[in-house]
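Visitor: Please show me the structure, and then let us go through it by question and answer.

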Amino acid sequence: PRVWGAMATKLAAAKVKDIPGIVSKYLAPSEVAQRTVKFLGEYKRAHIDSGSFVPMQHVMLGVFCLSYAVTWPSEYRHMQHAKGH
């Protein structure tokens, strides 16, 4: 969250020609990998090492969202077909 806030602040103050440089700096593969490793380490210390149930809730929520996103197009087609009859 702090990274996105810092990037948003810089983008708001930047000129249009400077935006690609700012975005590429924050989204560079090495930066993203470094932030991901840091996040995962903090997550492990906060939730997994403490024996919290939160990771299980995150997995269940993620599976629900993924399954909803995957099945939505099919359900939408069925709903549109039902409207036609």
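The conversation below goes from the chain as a whole to single residues.

Guide: This is a predicted model, in which local features need pLDDT of at least 70 and side-chain atom pairs count only at pLDDT 80 or more, while totals for chains, interfaces and linings use all residues. Residues are numbered from 1 along each chain as its sequence is written, and side-chain values use heavy atoms, with hydrogens and water left out.

Visitor: How many helices and strands are there in the protein chain?
Guide: Helices (H or I, at least four residues) and strands (E, at least two) are taken as DSSP runs, numbered from the N terminus. From that terminus on, the elements run α-α-α-α. The count for the protein chain is 4 helices and 0 strands.

Visitor: What percentage of the 85 residues is buried?
Guide: Buried means under 20% relative accessible area, exposed means over 50%, and partly exposed lies in between (1.4 Å probe, protein chains only). The protein chain exposes about 7100 Å² by the Shrake-Rupley method with a 1.4 Å probe, and carbon and sulfur atoms supply 70% of that area. Of the 85 residues, the buried ones make up 7%.

Visitor: Which residues make the nonpolar surface patch of about 640 Å²?
Guide: A patch is made of residues with over 30% relative accessible area and no salt bridge, like charges being joined within 9 Å and nonpolar side chains (Val, Leu, Ile, Met, Phe, Trp, Tyr) within 5 Å. One of the members, Tyr76, lies in helix H4 (residues 54–84) and counts as partly exposed because its relative accessibility is 38%. The patch is made by Leu61, Phe64, Tyr68, Trp72, Tyr76 and Met79.

Visitor: Why are glutamate 31 and arginine 35 separated by about one helical turn, and what is the distance between the closest N and O atoms of their salt bridge?
Guide: The two residues are separated by about one helical turn because they are 4 residues apart in helix H3 (residues 29–48). Glutamate 31 is partly exposed at 33% relative accessibility, and arginine 35 is partly exposed at 24%. A salt bridge is a side-chain nitrogen of Lys or Arg within 4 Å of a carboxyl oxygen of Asp or Glu, and in this one the closest N and O atoms are apart by 3.7 Å.

Visitor: Which residue forms a salt bridge with lysine 44?
Guide: A search of the whole structure finds 2 salt bridges. Lysine 44 is partly exposed, with a relative accessible area of 42%. Its salt bridge, with the closest N and O atoms 2.9 Å apart, is formed with aspartate 49.

Visitor: What distance separates the C-alpha atoms of phenylalanine 39 and threonine 71?
Guide: Phenylalanine 39 lies in helix H3 and is partly exposed at 49% relative accessibility. Threonine 71 is 32 residues apart from phenylalanine 39 along the chain, and their C-alpha atoms are separated by 30 Å.
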